[in-house]
Amino acid sequence: MRLPYVPDPPPTNSAEDSAIVDRVRARRGSRGLTPLDRALLHAPAVADGWNSFLGAIRTKTSLPDDIREIAICRVAVLNEAWYEWKHHAPIALAAGVSEESLNSLKSDRAKGFNQKQMAVVEYTDAMTRDVKVPDAVFNKLRALFTEREMVEITATVGAYNTVSRFLVALDVGEMNETNEH
């Protein structure tokens, strides 16, 4: 990483900071603090907000796991966030995405996805590459998902664009130059 990771356990200067570390640890469970957590904990309040927001994106939406993880993995590829890919590709596979389809996300021609999944890939591409989503892409997704799911997909893509940019900018996990994907 381009900054040193905070030690584990992280030093804290207040009861509030200790509570933040406890919340992050609780969300991570037996995995313990990740390199991402140990980067974020340089700024405890930021880590706390991140933990709450990303925890909601990952575990409190109504989206099926395959839809969420396809969006996350596509963002990882488009932004070359290989640390993100490394952690989310296995989740996508466990959610039923085939290895062939998952690996096709690394190309400009994603394939092997059903209609809903492909609409998510196209929406993710538009949001990540251009920010402004063309009406045709939006309307295709809108025809397949509820308003709640639309918000959740949009929040997932937006959140993981933030995650990927943070990971790549600071080289969290030291994967920027490895091209391990």
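Read along the sequence, the protein chain follows the pattern α-α-α-α-α-α-α-α-α. It has 9 helices and 0 strands, helices (H or I, at least four residues) and strands (E, at least two) being DSSP runs numbered from the N terminus. The radius of gyration is 17 Å, close to the 16 Å that the globule rule gives for 181 residues, so the chain is as compact as a globular protein of that length; the radius is taken over C-alpha atoms, and the rule is 2.2 Å times the number of residues to the power 0.38.

This is a predicted model, in which local features need pLDDT of at least 70, side-chain atom pairs count only at pLDDT 80 or more, and totals for chains, interfaces and linings use all residues. Residues are numbered from 1 along each chain as its sequence is written, and side-chain values use heavy atoms, with hydrogens and water left out.

**Colour by confidence.** The mean pLDDT (the predictor's confidence in each residue, from 0 to 100) is 94 for the protein chain, and 98% of its residues reach 70 or more.

**Select residues 65-78.** This is helix H4, whose 14 residues reach 20 Å from first C-alpha to last, close to the 20 Å expected at 1.5 Å a residue (1.5 Å times one less than the number of residues). Of the 14 residues of H4, 12 are buried, so the helix is largely enclosed by the rest of the structure. Buried means under 20% relative accessible area, exposed over 50%, and partly exposed in between (1.4 Å probe, protein chains only). The buried residues of H4 include Asp66, Arg68, Glu69 and Arg74, as well as Ile67, Ile70 and Val77.

After H4 comes Glu80, whose phi is positive, near 55°.

**Show the core.** The largest nonpolar core has 53 residues, and those with the most contacts inside it are Trp85, Leu102, Leu141, Ile153, Tyr160 and Val172. Such a core is a set of buried Ala, Val, Leu, Ile, Met, Phe, Trp, Tyr and Cys residues joined through side-chain atoms within 4.5 Å. H4 is among the elements that give two or more residues to this core.

**Finish at Leu141.** Leaving aside neighbours within four places in sequence, Leu141 is in contact (heavy atoms within 4.5 Å) with Ala119, Val120, Tyr123, Met150 and Ile153.
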